[in-house]
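Open the model in a viewer and keep the selection panel at hand. The stops below cover a cavity and then a sheet.

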Amino acid sequence: MTEQAHAQIDWDEQGQPLSRTFGDVYFSRTSGVEESRYVFLAHNHLAERFAALPAGGRLVIGETGFGTGLNFLCAWQLFEQTAPDTAHLHFVSAEKYPLTRSDLERALALWPELAPQAGQLLAQYMAVHEGFQRFVFAGGRVVLTLLVGDVLDTLPQLDARIEAWFLDGFSPAKNPQMWTPELFAQLARLSAPGATLATFASTGFVRRGLIEAGFAMARLKGFEHKWEMLAGAFLGAPPAGGKPWFARPPRPSGPRAALVIGGGLAGCATASSLAERGWQVTLIERHAELAMEASGNPQGVLYLKLSAHGTALSKLVVSGFGHTRRQLERLSAGADWSACGVLQLAFDAKEAERQARLAGAFPADLLRSVDASEASQLAGLPLEHGGLWYAEAGWVHPPALCRQLASHPNIRVLPSLEALDLQRVDGQWQASQDGRLLAAAPVAVLCTASEVRNFAATAHLKLKRIRGQITRLPATAASRSMQTVLCAEGYVAPPRGDEHTLGASFNFQRDDLDLCPDEHADNLGMLRQISPALGEALDIAHLDPAQLQGRAAFRSTSPDYLPLIGPVVDARAFNAAYAGLAKDASRRIDTPAPWLEGLYVNCGHGSRGLITAPLSGELLAAWLDDEALPLPRAVAEACHPSRFLLRELIRGR
């Protein structure tokens, strides 16, 4: 991220914020609320458009310059006042320098009339790091996708259809690098036909640039002392289609009902995101309760395995971490999760070198280097190594998160039933067990980890199972001083109740779930590497691995360690349609992908499920409902279920 991760704010004698970087005010000194309502709400005709939304309808607003969130809060307030109860608002906003939480709280206090909305924003305003950050408010009716970074870096990564633009940000005179032909071209690329646009700016080059990009613009009376502003609509042509194999499938026909098969984190997150959008969801789980397999461990860790090179996986992890962190605020702290922080220890020179690169690539409020002395102070016990400190991370009880996600009234859970067969009959996916119909719906989402390969339609997907075993260690008086999660090759968490969780092994050979003393012994060895002092506090020298308690489960992962999230194709027809790519990978082929109508997958989250699975539900819902994607388009494509079919074609296999 940029060296300056957050906005640098000065406060004037009236208590109003000014940007030190741009030397400009965030909003009108007369009335920021009235200016927002006049410039952006009125000139995008939002009151009329919100009122005209059909049941289940949606309006998508795009903004340059989130700032204090004032425009978003005003739009949200107007939406609640005028839109039907089942309508949705999706707000996408870019911001290079987001405010710190304390500055945001101080700014929002200026507008008590927006307190109901501002309070919800502040309650979720955490882990706001570079990249795409997804916020969900009002039971799913209002969605905010915050693009943290330079607008000319983030907008090109966005996949959305914007229906109303708020062109804000600091004035062209103070921030000329934003108001450019490149920006106007991105606005045009992302605009739905007839999209409206309003801005306080009236500078000639801004007006001319927008007209050249395809907007019809008019000068109108500005707010109060400002003479003029601009408003208009997009009259240009929609952009040419992209890669058909990653295109959005047609929205499913029929009632908004879906089967979700698999009640782990991916399945519960998928069910939750769909239910919040008004879908009626049937969640089928083969066990008697949710989260009985890989999502069933007593403690999982919010561990961000990152790369300094801006990979798709790193972008997914940073965005997913923020979304999970906001979701956890709904759970009971202490019993279901703890924001105790995570220490990733630099246990050898190679790891220390890797961590130094990460510390240089990410802002200190996400991760920072600490020496052994500070690490010991943070952990509450002696440590031999320093490492990376993730202050916002911690541990989670995954079953509690699954139960919370699946608690929406639109979700019906069917436990102790296993969908062994899935067939498309008369526009419905029918899930059956031994010839008995369990449920049917126009849409089905398979969230059964590596066992998605047991269904004929998804047998081609590339997934492998890796056994992992955790060890449960009774807490002692000495071990209770431990204050944070410690990670090296494995992890150990502070006690939840009366025990610590230690793990987890990686076993590629075994295909059973029996507890293995050797894997307990390996976990104890990892604990010695992490902290000999903690090992002594837990008296591990006198523990018999054959007598220890624990839990084994299978992680499901793909060859490139990214999950599989999205629509499913007919594999044979896909290979026939795009066979020409084997001879020329750059060849243009416009044939639409042979989608299996209404069939989707969400699986392969490996050991990162706590970070990637909650956001995966939002990505899956965006594919289904033709929404703005909650991740950069390239990251969504990197997680696309068709990617391996495509790679094999190009390699001529």
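The largest cavity has a volume of about 40 Å³. A cavity here is a set of points on a 1 Å grid over the protein atoms alone where a 1.4 Å probe fits but cannot get out; grid points are joined across faces, edges and corners, and the volume is the space filled by probe spheres set on the points. The count by this rule is 3 cavities of 30 Å³ or more.

This is a predicted model, in which local features need pLDDT of at least 70 and side-chain atom pairs count only at pLDDT 80 or more, while totals for chains, interfaces and linings use all residues. Residues are numbered from 1 along each chain as its sequence is written, and side-chain values use heavy atoms, with hydrogens and water left out.

Select R58, H88, L89, H90, G140, R141, V143, R277 and E627, which line the largest cavity; a lining residue has an atom within 4 Å of a point. By class, this lining has 4 charged residues (Asp, Glu, Lys, Arg), 2 nonpolar (Ala, Val, Leu, Ile, Met, Phe, Trp, Tyr, Cys, Pro) and 3 polar (the others, Gly among them). Strand β5 (residues 88-95) supplies the largest share, 3 residues. Strands are DSSP runs of E, at least two residues, numbered from the N terminus.

Next, select the open sheet of 3 strands, ordered β21-β22-β23 with antiparallel pairing; two strands pair if DSSP finds at least two bridges between them. β21 (421-425) and β23 (436-441) are at the edges with a single partner strand each, so one side of each has no neighbour in the sheet.

Zoom in on β21 and β22 (residues 428-433): 5 bridges join these antiparallel strands. Finish at D421, which stands opposite S432 in β22.

Definitions and conventions:
Helices (H or I, at least four residues) and strands (E, at least two) are DSSP runs, numbered from the N terminus. On a 1 Å grid over the protein atoms alone, a cavity is a set of points where a 1.4 Å probe fits but cannot get out, and a pocket is an open set with protein on both sides within 12 Å along at least five of seven lines; lining residues have an atom within 4 Å of a point.
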